[in-house]
Amino acid sequence: MGLAVKTLQLLKEGADEVDPPRFDKSAFDGAGDRTDPEICGPIDVAILEGWFVGTQPVEHSALQTPREFLEASEDRQFAQVCNDNLRAYQAIWQLLDRLIILNPKDFRLSKQWRQEAEQKMIAQGKRACAIAKLLNL
């Protein structure tokens, strides 16, 4: 988190060169890790892409209330893990100047999309971490 905050602050300050973190999902048998840096600059526009960029956590009780999209216990567990992790990201979201959100019709699509991305990595000969293993489901 500290590296993300530092990088975004440098971008906002208009630094001549920035060393944005790069991530390789196939590293360490699919657990992922940072990869070789690529110094960039000057930068006019930076895009921070991710599954939950800008999302705010909700109260735990909101995830316990029966809802159609939280019927299955694994869906509730997935939602709770994501919600718990969102708290650490709030410092990053505060540094964003603009936010564009693509809302899927069903939040469970994010698991499907992650699995599809991992299948593509495997087809390219890279290691991937199955979503069920990642979420301890």
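1. Gln80 touches His60, Leu63 and Gln64, leaving aside residues up to four places away in sequence; a contact here means heavy atoms within 4.5 Å. Gln80 sits in helix H3, residues 73-86. Helices (H or I, at least four residues) and strands (E, at least two) are DSSP runs, numbered from the N terminus. Because its relative accessibility is 16%, Gln80 counts as buried. Buried stands for under 20% relative accessible area, exposed for over 50%, and partly exposed for what lies in between (1.4 Å probe, protein chains only).

2. A word on the source. This is a predicted model, in which local features need pLDDT of at least 70 and side-chain atom pairs count only at pLDDT 80 or more, while totals for chains, interfaces and linings use all residues. Residues are numbered from 1 along each chain as its sequence is written, and side-chain values use heavy atoms, with hydrogens and water left out.

3. The protein has 6 helices and 2 strands. Read from the N terminus, the order of elements is α-β-β-α-α-α-α-α. Among contacts with a separation of 6 or more, 58% join residues 24 or more positions apart.

4. Of the 137 residues, 23% count as buried. The accessible surface is about 10,200 Å², and carbon and sulfur atoms hold 52% of that surface. Accessible areas come from the Shrake-Rupley method with a 1.4 Å probe; for residues, only the protein chains shown count as cover.

5. Helix H1 covers residues 2-13, which makes 12 residues. From its first C-alpha to its last, H1 reaches 16 Å, close to the 16 Å expected at 1.5 Å a residue (the expected span is 1.5 Å times one less than the number of residues). Just after H1, Gly14 has a positive phi of about 80°.

6. Which residues of H1 are buried? They are Val5, Thr7 and Leu8. Seen down the helix axis, the buried residues of H1 fall within an arc of 165°, so they line one face; the arc is taken from the directions from the helix axis to the C-beta atoms. These buried residues pack against helix H4 (90-93). On the other side of H1, Gly2, Lys6 and Glu13 are exposed.

7. Trp51, Phe52 and Trp113 make a nonpolar surface patch of about 300 Å². Patches are made of residues with over 30% relative accessible area and no salt bridge; like charges are joined within 9 Å, and nonpolar side chains (Val, Leu, Ile, Met, Phe, Trp, Tyr) within 5 Å. A salt bridge is a side-chain nitrogen of Lys or Arg within 4 Å of a carboxyl oxygen of Asp or Glu. Trp113 belongs to helix H5, residues 109-123, and counts as partly exposed because its relative accessibility is 35%.
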